[in-house]
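Please keep the sequence and the coordinates in view while reading.

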Amino acid sequence: MNNCLKCRALVISLLILNVFQVSVASVVSTGDFNKDFFVMWAPDHVNTSSNGRERSLKLDQVSGSGFASTQMFLFGQIDMQIKLVPGNSAGTVLAYYLASDQPNRDEIDFEFLGNLSGQPYIVQTNIYVDGFDNREERIYLWFDPTEDFHTYSILWNLHQIVFMIDSIPIRLYRNHADKGVAYPRWQPMSIKTSLWNGDSWATRGGLDKIDWSKSPFIASFKNYTIDACVWKGNPRFCRADSSANWWNKRSFSTLTRVQNRWFKWVRKYHMVYDYCQDNQRFQNNLPKECFLPKY
């Protein structure tokens with residue numbers, strides 16, 4: 001009898017431990033850049049407000065700059081308010097992305113490509129899986145992203161990856177792993193941002209170079225939210241269907257009806273480039289996901 005009671009107690013303890021580990025998997029960020037991020041490149045080009053709530057990156061002829069999250073995550077949603085480089089920013093690239101830092105890395109990228117004054121900003125998104133990318137899409141922004149802060153979000157779950165701007169979905173990449181399409185689902189990733197010289201390709205294919213007389217170039221960040229599964233070494237906690245892992249629930253497996261309408265609007269009126277329409281690049285052998293449902 002005592003052995004039976006001990007066994008039951010052990011089982012209950014293990015269940016409680018499991019629930020606890022799942023419940024602490026999700027983290028809501030502190031909002032303090034000094035606590036949730038570290039400077040990974042050029043500390044003298046990174047400026048943080050005294051309360052840690054705002055941060056800026058600088059690019060000049062000496063260096064670019066960047067910072068990264070102290071934690072790694074497997075699934076969740078990341079939101080960051082960003083004000084892009086104003087004025088003549090041709091040749092500059094601001095990257096805001098998730099990356100796994102493995103040789104066969106996974107990556108989920110926002111890249112903001114600088115422009116000549118008066119020209120619309122281009123946002124490029126890309127997805128790396130197992131070290132392979134070639135999944136670029138580009139859109140023109142429908143507002144001036146240098147006048148004020150806007151919220152740029154990545155929702156990453158077992159079902160889909162959604163890129164959003166001010167809650168409007170601009171790109172969707174579905175999990176079609178069961179059909180042989182690569183999808184980032186095993187490697188934890190950290191959050192990174194960097195501002196750098198990309199004038200060999202970023203603006204009009206590299207035709208417009210950086211005008212260093214306009215430097216320094218400044219991009220600003222604030223009001224970020226990290227609601228994601230903190231990597232603890234075991235993917236099953238992040239893949240679990242639990243109240244903490246809200247992003248993995250079936251209701252987040254597709255866009256809502258309203259989101260779908262916005263998504264179609266973006267693609268109809270603001271899309272500049274879609275790799276799934278570039279037959280010349282892929283020699284009429286488009287990637288498999290291009291023939292599967294996007295939403």
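The questions below concern a predicted model, and each answer sets a value against its criterion.

Q: Why is methionine 40 called partly exposed?
A: The relative accessibility of methionine 40 is 32%. Buried means under 20% and exposed means over 50%, with partly exposed in between; methionine 40 therefore counts as partly exposed. This residue lies in strand 2.

Q: What makes the nonpolar surface patch, and what is its area?
A: Phe38, Met40 and Trp41 make the patch, which covers about 270 Å². Membership requires over 30% relative accessible area, and Met40 has 32%.

Q: Why are strand 2 and strand 16 called edge strands?
A: The open sheet has 8 strands in the order 2-5-14-7-8-9-10-16, with antiparallel pairing. Strand 2 (37–41) and strand 16 (271–274) each pair on one side only. From one strand to the next, the twist averages 15°.

Q: What makes helix 4 a helix that packs on the sheet?
A: Helix 4 (residues 257–269) touches strand 10 (137–140) and strand 16, where contact means heavy atoms within 4.5 Å. The direction of helix 4 makes about 90° with that of strand 16.

Q: How do you know that strand 7 is mostly covered?
A: In strand 7 (residues 92–99), 8 of its 8 residues are buried, that is, under 20% relative accessible area. In a regular strand, side chains alternate between the two faces of the sheet. Here Thr92, Leu94, Tyr96 and Leu98 are buried on one side, and Val93, Ala95, Tyr97 and Ala99 are buried on the other.

Q: Which strands pair with strand 7, and over how many bridges?
A: Strand 7 pairs in the antiparallel sense with strand 14 (residues 190–197) over 8 bridges and with strand 8 (residues 107–113) over 7 bridges. Threonine 92 has asparagine 197 of strand 14 as its bridge partner, while alanine 99 is partnered by glutamate 107 of strand 8.

Q: Why does glutamine 102 count as partly exposed?
A: Its relative accessibility is 41%. Glutamine 102 is placed in the loop between strand 7 and strand 8.

How values were computed: Residues are numbered from 1 along each chain as its sequence is written. This is a predicted model: local features need pLDDT of at least 70, side-chain atom pairs count only at pLDDT 80 or more; totals for chains, interfaces and linings use all residues. Side-chain values use heavy atoms; hydrogens and water are left out. Two strands pair if DSSP finds at least two bridges between them. Helices (H or I, at least four residues) and strands (E, at least two) are DSSP runs, numbered from the N terminus. Axes are lines fitted to C-alpha atoms, for helices over the stretch in contact, and angles run from 0 to 180 degrees between N-to-C directions. Patches are made of residues with over 30% relative accessible area and no salt bridge: like charges are joined within 9 Å, nonpolar side chains (Val, Leu, Ile, Met, Phe, Trp, Tyr) within 5 Å. Accessible areas come from the Shrake-Rupley method with a 1.4 Å probe; for residues, only the protein chains shown count as cover. A salt bridge is a side-chain nitrogen of Lys or Arg within 4 Å of a carboxyl oxygen of Asp or Glu. Buried means under 20% relative accessible area, exposed over 50%, partly exposed in between (1.4 Å probe, protein chains only).
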